[in-house]
Amino acid sequence: MITLRGLTKRFGPATAVDDLTVDILPGRVTGFLGPNGAGKSTTMRMILGLDRPTAGRALVDGRPYRELRHPLHTVGALLDAGAIHPARSGRAHLLAAARSNGIPRRRVDEVLALVGLDERAAAKPGRMLSLGMGQRLGIAGALLGDPPVLLFDEPVNGLDPDGVRWIRQLARSLADQGRTVLVSSHLMSEMQQAADQLVVIGRGRLITDAPVAEVLAGGAAAVRVRVPQPSGLAALAARLAGEAVTVEADGPDELTVTGLTAERVGDLAYDLGVRLHELTPVTPSLEQAFMALTGGSVEYAAGSPQPEAAR
Amino acid sequence: MSALAGTRPAPRPGALAGAVAAEWTKLWSVRSTWWTMLSAVLLTAATAGQLAIYADNANTNDDPADDRGVVTLGSVLIDSLELTQYAVLALGLLAVTAEFGTGTLRTTLRCTPSRGRVLLAKAAVTAAVTFGLGLLLGAVGALVAAPVLGEWGAAPAGGTVRDVVASAAYLALVSVLALGLGAVLRSAVLTVIVLLAVLMIVPLSLQEPGIAVLTRIADAFPGVAGGHFLAGDGEPYPPVVGLLLLAGWAAAALAAGRAALRRRDA
């Protein structure tokens, strides 16, 4: 279990992580989502005792990371996978980590086999490793101490579709074994399939901490309406405007209505005598739910700046 | 802790022993270690040979039986350190600056979160390896210089051994000093510049005008203190004080490195 209490990190005037209070529970995959620059990596570095919090605490199984004597047995992490000495072999890289925590040499071979790096790949010096091989090596390092808590920072970066599926299954099986699994990503579609719980942050602040299903349901459900007659379209749009909902024109004959059920939209059209060619409830993807949640929190939004979302 | 943790075999080495083993593995798994050691050996052979030739040429005494102009083998070895120390202390320097440069420091600190323990482990490995290398360099320097010096060299067994061991101790301490400074400064180039200043440029500048106060200040610098220890001078302080001063500098650099690692984000 990972416990964050009022966790805050400032770099000069910039606040990277802002008063984050969250529990990451064991037995499930928690997706850690946010746009680039939202503070995900900084949060993970604070959990791992690399960055010092400006305020608040980050605890792993109730203890600050810096107090752990053999931390690899408690927490495994994939963090900037490219960080290997260019001249050192992947195997020696793992062996040094293993020896630091009293992990036997055969465990190095075990985790190498587990992540699918053969002897030749493991003997390559760091500079010869591809991004995907670096990721696999990083994951091997995370698994070395067979830890109950695992952190994966953007694990699917640089992986092919097979690798992505493999990571997803790995995270799932680790969670099923009762471990705490925190996976950060800026890719929503990935998390929709991989995670049980979502912790979403934007500009360092907690936006939501909820099960995936709930986030999906909470993402404003919409209804797509297609009206063949322009006059009917205008009439329906005018009527809907009175219902305090969001209406978007998606084409010459299409509206997307947010905030009303399909039944209610159909009834209104019937009252007005407007002929419909389509009336479809649209289930939002996590992508859309995420956009709705973080719309105001994107660090570098394209186009005109939006006011910061209220917490 | 969860049940998962309880199923693992219990015996583990101490955290410091583990950190030392990791540093040892890291040191020998990169080729630059071997190149650095080879360059130190070659540099020592060249420098000791050259100094021996100078000693021969500087001789104006026609009668070798008269011991004016005869130098000890140990003194040639010690003088060669002036240059060769930079090849040796590179080992201490790279042990930490390479980790900053490649980002592997984050892995190291995740394995061993105690910053003091990490530096202590690095210092132990650096000191042991550079001490051993120092002994080897003493042997190499002696093998090269002794035949060149010929009749102008004296090699009393006890004195020569003492000089070689003292040189090795000097190299180990200077390498640990480089390690601590590297942890503070992070860049290898910057660390070398500061080391050149502290070991050579600043004390030489202080000694140059021959003003007593400035010379006394220069005596407190690590290179000068180490020099007094190596030369076995009684002045301005006994050799052991020179050794302690140098050790103090190394310890202070380690403490500063630890403070920097604790304070800064990795």
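# Notebook: chains A and B

Strand β1 (residues 2-11) and strand β2 (residues 14-24) of chain A pair in the antiparallel sense, with 7 bridges between them. This is a predicted model, so I keep that in mind for everything below.

**Entry 1**

I looked up one pair across the two strands: A:K9 is opposite A:V17 in β2(A).

Strand β4 (residues 55-60) of chain A runs antiparallel to β1(A), and 5 bridges join the two. The partner of A:I2 in that pairing is A:V60 of β4(A).

**Entry 2: β5, β6 and A:D153**

I moved on to strand β5 (residues 75-78) of chain A. It runs parallel to β6(A), with 4 bridges joining them. In this pair A:A77 is opposite A:L151 of β6(A).

Which way do the residues of β5(A) point? A:V75 and A:A77 point one way, A:G76 and A:L78 the other way.

Is A:D153 buried or exposed? It has 22 C-beta neighbours inside 10 Å, so it counts as buried; the cut-off is 20 or more.

I listed what A:D153 touches, leaving aside neighbours within four places in sequence. The contacts are A:S41, A:M44, A:L78, A:L79 and A:S184. I also looked up A:N36: it is 117 residues from A:D153 along the chain, and their C-alpha atoms are separated by 12 Å.

**Entry 3: chain B overall**

I counted elements in chain B and got 11 helices and 2 strands. From the N terminus on, they run α-α-α-β-α-α-α-β-α-α-α-α-α. The C-alpha atoms fill a box of roughly 85 × 40 × 30 Å along the principal axes.

Of the 266 residues in chain B, 45% are buried. I also checked the contacts with a separation of 6 or more, and 80% of them come from residues 24 or more positions apart.

**Entry 4: α10 and α11 of chain B**

How do these two helices pack? Helix α10 (residues 222-231) and helix α11 (residues 239-263) of chain B meet at an angle of about 150 degrees, with axes 7 Å apart. The two helices are therefore roughly antiparallel to each other, and their crossing is left-handed.

I listed the residues that meet. α10(B) brings B:P222, B:A225, B:G226, B:H228 and B:F229, and α11(B) brings B:P239, B:G242, B:L243, B:L245, B:L246 and B:W249. By class, this contact has 8 nonpolar, 3 polar and no charged residues.

Then I checked burial in α10(B). Because 9 of its 10 residues are buried, α10(B) is largely enclosed by the rest of the structure. Among the buried ones are B:G223, B:V224, B:G227 and B:L230. The buried residues pack against α4, α7 (157-185), α8 (188-207), α9 (212-219) and α11 of chain B. Just after the helix, B:G232 has a positive phi of about 70 degrees.

**Entry 5: where the chains meet**

Last, I looked at the interface. On it, 31 residues of chain B are in contact with 37 residues of chain A. The elements of chain B that give two or more residues to its side are α1 (3-6), α2 (15-28), α3 (31-57), α4 (73-102) and α5 (104-111). Which of them gives the most? It is α2(B), with 7 residues. I sorted the chain B side by class: 14 nonpolar, 10 polar and 7 charged residues.

Methods:
Residues numbered from 1 in each chain as written. Chains lettered and ligands numbered in written order. Predicted model: local features only at pLDDT ≥ 70, side-chain atom pairs only at ≥ 80, totals over all residues. Contact = placed C-beta atoms within 7 Å. Nonpolar A, V, L, I, M, F, W, Y, C, P; charged D, E, K, R; others polar. Pairing = 2+ DSSP bridges. Buried ≥ 20, exposed ≤ 12 C-beta atoms within 10 Å, placed from the backbone. Axes fitted to C-alpha atoms, helices over the stretch in contact; angles between N-to-C directions. Parallel < 35°, antiparallel > 145°, perpendicular 65-115°, else oblique. Left-handed = near helix turned anticlockwise from the far one by under 90°.
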